[in-house]
Amino acid sequence: MPEEIIDVAEVSEGQGGEDGEPGDAVEMPVVELLTGRGFVTGKSGSGKSNTMSVIAEKLLDGGYPVMLVDTDGEYYGLKEEYELLHAGADDECDIQVNPEHAGKLAKLALEDNVPIILDVSGYLNEEDGKELLTAVAKQLFAKEKKLKKPFLMVVEEVHEYIPEGGGLDECGRMLIKVGKRGRKHGLGIAGISQRPADVKKDFITQCDWLVWHRLTWNNDTKVVGRILGSDYAEAIEEMGDGEGFLVTDWSEQTRRVQFHRKQTFDAGATPGLEDFERPDLKSVSDDLVSDLKEISKEESLREDKIDELRKELQEKENHITDLERQLREAREMEEVADKFAKAMLDQSRNRRANPYIDGGEQANLGAYEQQGVPNSGGRIDSPTDIETDTKKTGTDTAEGEANQESESEANESEETAENRPPLDAIREQLDALEPVERRMLAFYLRDGPATPEDAHVATGGTDDREIAYSHNRTLRQRGFVQHAGGGEYVAALPSLLAALTDGEMDDEDRQEALSTVAGELPDLGE
């Protein structure tokens, strides 16, 4: 069976001899193109994209499968004559795809023989395009291990994926793997770049066929000199549009050729001032993309579900945070209530032990005790009374009766303190507040939440922050206010009353008691 070949160029003017006369056809074997490793290079406008389009058109004419990785949106013009699946990120594509579609794309290309333009030009994030290319290359490589079907993957701007300088990312490593090991599985790769100096030399030197179009930058011509020789490095600067040196493993000669012009719409042409009409483009059957659309639909539903679950999780986390805050505030209020009740009980016991001592009289008691005067039952009248009492007969009997009376009073006082109404305890603490603190508490209760400065100013105080927080600290330590977040405070009387009663009052009684306390607070104008 004769070898399948495609006619892509003709011998250039000035080239002759063993390689043919100018105008002779230049042909390339199909199997070598599909399974081999190729490299096409040249500066912008030299004809490298046209060369690859000509090769692609010839392969498509023969029904051979190809995938074109398009980084600049240059190849959709092929759809003027051929039914290709245009997959990418733009709305102009037949289908919008992501790495989830990689397996299906590989199946369409290899098993269903569908030519594909994998358009990564529409991805705003370069990494998204690389992620898609990596996934597709992996799927092609994996499937070709079993199918071993001749197939060519063309990669534009290959220097972006396998650069000469620096390390390779996952995408670069995968393309190098295809270049080194893909041939034995039937998977070929062709890279295109306008800067050969920027492409990893390991890739260039292992290529089976290379096309060198016009290059003028010194670093690039040096690459030509190292690979082809110094004569070619000088000549390549004078190459015409579409003209290049063709080097192949199946020919021992380096031929100077003129590639044909592509037949389809040139989507990669530099825009000019003249208007042009975009031709009608062919599309693949909807049946071919139905599975891809289903994947897109499932992916969209999955993303929606993930977003929904994230929102639910955030709501639950917010609820947990709120419950933790409420629990923390409840514990703090419980501690304040315990301290509040203990303070009231200690105060009552002190009065029980020394019922006639208050304020300055405590100093008198200290003076009397220093004089060695006993405290009979905790009652102190005056030094004269004490002296008279000690001279009376039957002192022991009198002291016993006094002690019994004192013990009785103590028991009664303790019982009264332990059963003291919470409202009375709160009232007593309110009475101990300074007027400005009472007004601040009234403001919190009626207009809170608010910052200490706002509460202080609203009740006639200054805007001095230190003074405002000093008064606010008193209210907080007594359990009358609590932090509400954001530097603001609210009245804690409802929580304090609930903590003090501990279930002994129902909500209605507690509300009535709270209204009573609130009614005793001053108006803000007082």
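## A first look at the buried parts

Cys93 has a relative accessibility of 7%, so Cys93 counts as buried. Welcome to this structure, which is a predicted model.

**Cysteines**

- Cys207 is buried too, because its relative accessibility is 6%, and buried means under 20%.
- As for disulfides, the structure holds zero.

**Nonpolar cores**

- The largest nonpolar core is made up of 56 residues.
- Leu85, Leu105, Leu140, Leu175 and Trp212 are the residues with the most contacts inside this core.
- Helix H4, spanning residues 126-147, gives the most to this core, contributing seven residues.
- Leaving aside residues up to four places away in sequence, Leu140 touches Met67, Ala106, Leu110, Phe151, Met153 and Leu187.
- There is also a second, separate core, which has 32 residues, including Val8, Leu33, Ile55 and Leu68.

**Helix H7 and its surroundings**

- Helix H7 runs over residues 218-227, and its buried residues are Asp220, Thr221, Val223 and Val224.
- If you look down the axis of H7, these buried residues fall within an arc of 150°, so they line one face of the helix.
- The packing partners of the buried H7 residues are helix H6 (201-205), strand E10 (209-212) and helix H8 (230-235).
- Just after H7 comes Gly229, which takes a positive phi of about 125°.

Terms used
Residues numbered from 1 in each chain as written. Predicted model: local features only at pLDDT ≥ 70, side-chain atom pairs only at ≥ 80, totals over all residues. Heavy atoms only, no water. Disulfide = S-S within 2.5 Å. Buried < 20%, exposed > 50% of the residue type's maximum accessible area, 1.4 Å probe, protein only. Helix = DSSP H or I, 4+ residues; strand = E, 2+ residues; numbered from the N terminus. Arc of directions from axis to C-beta. Contact = heavy atoms within 4.5 Å. Core = buried A, V, L, I, M, F, W, Y, C linked by side-chain atoms within 4.5 Å.
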